[in-house]
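This report is for a reader new to the structure below.

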Amino acid sequence: MKQTVPSSSLHNYLLKMYDNCSEAIFFFNVVGNLVHLNNAAKQIVDIEVIEKMFLGETNAICLTCHGYTSEEALVTCKSCYFHEKSRDFSSFQLFLNTKNEGIVPYAASFQTIDEQYGIKMLMLRPLTKQMETHNKLLENTTVKKVIKAQEDERKRISRELHDSVAQEVLSSLLEIQLVKYLPNEEAVHERLQQIEGSLSRLLDDISNMSVELRPASLDDLGIEAAFRSHFSWIEKNYGLEIHYTSEINGQRYNSEMETVIYRVGQEAILNALKYANVDEIFVHLYEAEDNVILHIIDQGNGFNLANYNAKGTGLGLFGMKERTALVNGTIQIDTEIGKGTKVVLSVPIEGGI
Amino acid sequence: MARSIQRMIENIKEKYALDFVAVTNVYMQPYETNLRWEYAVGNIAERFKRIVLKSGKGIAGIVYKTGKPMHVENTEAAFTEDTLFNYPIIVSEKIKSMCAIPLYEQNRVKGVVLLGFREKDKMTVELYDKILENIEADFQYIYHKEMITK
């Protein structure tokens with residue numbers, strides 16, 4: 001048949017493309033049996049699976065197909081493209097269990113090319129390269145941000161040391177040097193009171209800095225007490241009222257877990273403080289079904305979770321998720337513009353403390 | 001004394017047609033470390049009264065520590081959104097233009113007065129200079145600086 005077609009006709013070009021292109025192409029008939037596949041397709045799918053697909057065995061495609069990416073999940077079989085007719089599958093991401101390379105992502109398109117006979121075509125273009133580039137890019141930008149955040153934190157500590165600690169020590173030192181020139185006891189007494197003031201301010205500054213870096217109460221007394229002192233610090237410093245209820249009765253967990261809960265809570269509250277524009281926040285800490293659960297709720301601005309422009313470094317939410325993943329926890333953020341924000345953290349208690 | 005300070009800031013608010021005036025606890029003892037906004041006129045919330053400022057933190061803390069006045073014509077331009085939360089009084093009172101001036105007693109900063117507008121650019125350089133010039137007369141009971149260095 002090939003010889004009868006002139007070499008420059010469209011038919012010929014299409015056949016050449018079918019045979020030689022790097023995209024894998026499958027044709028299915030109206031009942032879902034495989035009818036044709038090109039060379040590229042043969043290279044990625046196991047021969048036994050191909051035979052089963054030719055024979056039209058029920059769900060034979062699932063032997064190679066690993067699922068596709070929907071709005072809900074990265075890999076899912078929910079409302080499968082192969083059976084769902086109402087949805088548009090002209091361009092989507094598919095994961096195939098290939099014969100040589102394991103599970104590989106593909107840019108896929110599944111469409112009917114012959115309405116009359118119900119012939120469908122599945123076309124796949126390998127995505128591994130693009131994914132690698134994308135991941136690399138993401139990794140690089142994240143690393144840059146993390147480094148910057150680290151440097152900023154050091155800058156802040158260094159500045160704090162210079163501005164508050166060094167200053168107060170210097171001023172106390174000067175005042176002490178001046179004492180010997182004072183004319184009478186009364187003046188000495190007054191000056192000493194002022195020095196006392198400077199030094200107790202200094203003491204306050206140092207203990208504040210140390211608590212800000214990592215509260216000792218987290219190690220000594222546990223998450224419940226650490227939160228309580230952190231919240232009173234927030235109230236004092238920012239006037240933000242935090243309604244805190246805890247039902248864990250001073251229960252201790254392993255240090256890693258407590259740190260994660262504390263940092264995630266701290267970050268969520270800082271976010272509310274910075275962006276929610278509220279005067280009060282509700283925090284609830286309790287245990288349920290072998291999980292420690294932390295709720296942080298505000299009735300403020302809220303934001304669009306799917307599409308938000310990070311106002312800060314953009315590391316906050318990322319960091320919360322990363323930390324949660326470290327202890328096999330889950331974090332859920334419910335928010336809508338104008339409807340406030342609710343952060344729910346759940347961390348499994350593994351084998352008690 | 002507390003009442004006279006309250007009256008003093010009411011007069012100042014009227015004199016310069018300000019939206020908001022606040023003064024810290026100027027009568028704290030030398031060994032006390034807590035700085036609070038104790039007197040206010042024109043406030044729209046009570047949140048800032050709960051705040052205990054540390055020396056060096058926030059508007060009051062910075063002015064208290066440095067002993068230098070501070071002038072911000074447009075707070076939105078001067079403080080970005082991710083640093084604004086460090087100045088809760090500006091957020092909760094919606095101050096858009098302001099200045100803060102140290103109050104001295106015997107060459108020591110005793111307190112801080114904040115004068116603000118809820119409209120940007122209203123605290124002009126001219127007005128700021130005028131306020132600074134008159135500050136001694138306006139706060140005659142609590143403003144006393146022996147060495148004036150300008």
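In this predicted model, helix α7 of chain A covers residues 223-238, which is 16 residues. From its first C-alpha to its last, α7(A) reaches 22 Å, close to the 22 Å expected at 1.5 Å a residue. Its buried residues are Ile223(A), Glu224(A), Ala226(A), Phe227(A), His230(A), Phe231(A), Trp233(A), Ile234(A), Asn237(A) and Tyr238(A). An α-helix has 3.6 residues a turn, so residues three or four places apart point the same way. Just after α7(A) comes Gly239(A), with a positive phi of about 70 degrees.

Two other helices of chain A, α8 and α9, have axes that come within 10 Å and cross at roughly 160 degrees. Because angles over 145 degrees count as roughly antiparallel, α8(A) is roughly antiparallel to α9(A). The crossing of α8(A) past α9(A) is left-handed. The table lists the residues that make the contact.

| Helix | Residues in the contact |
|---|---|
| α8(A) | Glu256(A), Val260(A), Arg263(A), Val264(A), Glu267(A), Ala268(A), Asn271(A) |
| α9(A) | Gly316(A), Leu317(A), Met320(A), Arg323(A), Thr324(A), Leu326(A) |

By type, the residues of this contact between α8(A) and α9(A) are six nonpolar, three polar and four charged.

As for the whole chain, chain A contains nine helices and eleven strands. Of its 353 residues, 39% are buried. Among contacts in chain A between residues at least 6 apart in sequence, 53% join residues at least 24 apart.

Conventions: Residues are numbered from 1 along each chain as its sequence is written. Chains are lettered from A and ligands numbered from 1 in the order in which they are written. This is a predicted model: local features need pLDDT of at least 70, side-chain atom pairs count only at pLDDT 80 or more; totals for chains, interfaces and linings use all residues. Side-chain values use heavy atoms; hydrogens and water are left out. Axes are lines fitted to C-alpha atoms, for helices over the stretch in contact, and angles run from 0 to 180 degrees between N-to-C directions. Helices (H or I, at least four residues) and strands (E, at least two) are DSSP runs, numbered from the N terminus. Angles under 35 degrees count as roughly parallel, over 145 as roughly antiparallel, 65 to 115 as roughly perpendicular and the rest as oblique. A crossing is left-handed if the near helix is turned anticlockwise from the far one by less than a right angle, and right-handed if clockwise. Contact means heavy atoms within 4.5 Å. Ala, Val, Leu, Ile, Met, Phe, Trp, Tyr, Cys and Pro count as nonpolar, Asp, Glu, Lys and Arg as charged, and the others, Gly among them, as polar. The expected span of a helix is 1.5 Å times one less than its number of residues. Buried means under 20% relative accessible area, exposed over 50%, partly exposed in between (1.4 Å probe, protein chains only).
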